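Look over the structure first, then read on.

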Amino acid sequence: MSQELLTVAQFKERYQISHTAFYRQRAAGRLQTIKIGASTRIRIADAEAWLASLTGGAA
């Protein structure tokens with residue numbers, strides 16, 4: 001089973017958030033990320049769950 005992943009840059013562009021806002025969300029535990037070597041990735045499912053949590057589930 002293949003999971004689509006976003007880079008941090010792709011995530012920030014897709015959801016129109018700043019670098020600082022991204023890292024604040026991650027540090028607060030609101031956004032799940034995974035590490036692949038030195039790279040940070042975000043699963044599409046985790047990104048959508050994050051967005052739904054911001055909009056009260058109306059994503």
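A polar contact is a pair of N or O atoms within 3.5 Å; within protein, one must be able to donate a hydrogen and the other to accept it, and residues adjacent in sequence count only if both atoms are side-chain atoms. This is a predicted model, in which local features need pLDDT of at least 70 and side-chain atom pairs pLDDT 80 or more, while totals for chains, interfaces and linings use all residues. Residues are numbered from 1 along each chain as its sequence is written, and side-chain values use heavy atoms, without hydrogens and water.

S18 sits in the loop between α1 and α2. A polar atom of its side chain lies 3.0 Å from the backbone nitrogen of A21.

T40 belongs to strand β3, residues 39–43. Its side chain makes a polar contact of 3.3 Å with that of K35. Beyond neighbours within four places in sequence, T40 is in contact (heavy atoms within 4.5 Å) with residues including L6, V8 and R26.

Accessibility compares as follows (buried is under 20% relative accessible area, exposed over 50%, partly exposed in between; 1.4 Å probe, protein chains only).

| Residue | Relative accessibility | Class |
|---|---|---|
| T40 | 11% | buried |
| S18 | 41% | partly exposed |

Now the helices. The axes of α1 (residues 8–15) and α2 (residues 19–27) come within 10 Å and cross at roughly 105°. The two helices are therefore roughly perpendicular (65 to 115 degrees). V8, F11 and K12 of α1 meet H19, F22 and Y23 of α2.

Notes
Axes fitted to C-alpha atoms, helices over the stretch in contact; angles between N-to-C directions. Helix = DSSP H or I, 4+ residues; strand = E, 2+ residues; numbered from the N terminus. Parallel < 35°, antiparallel > 145°, perpendicular 65-115°, else oblique.
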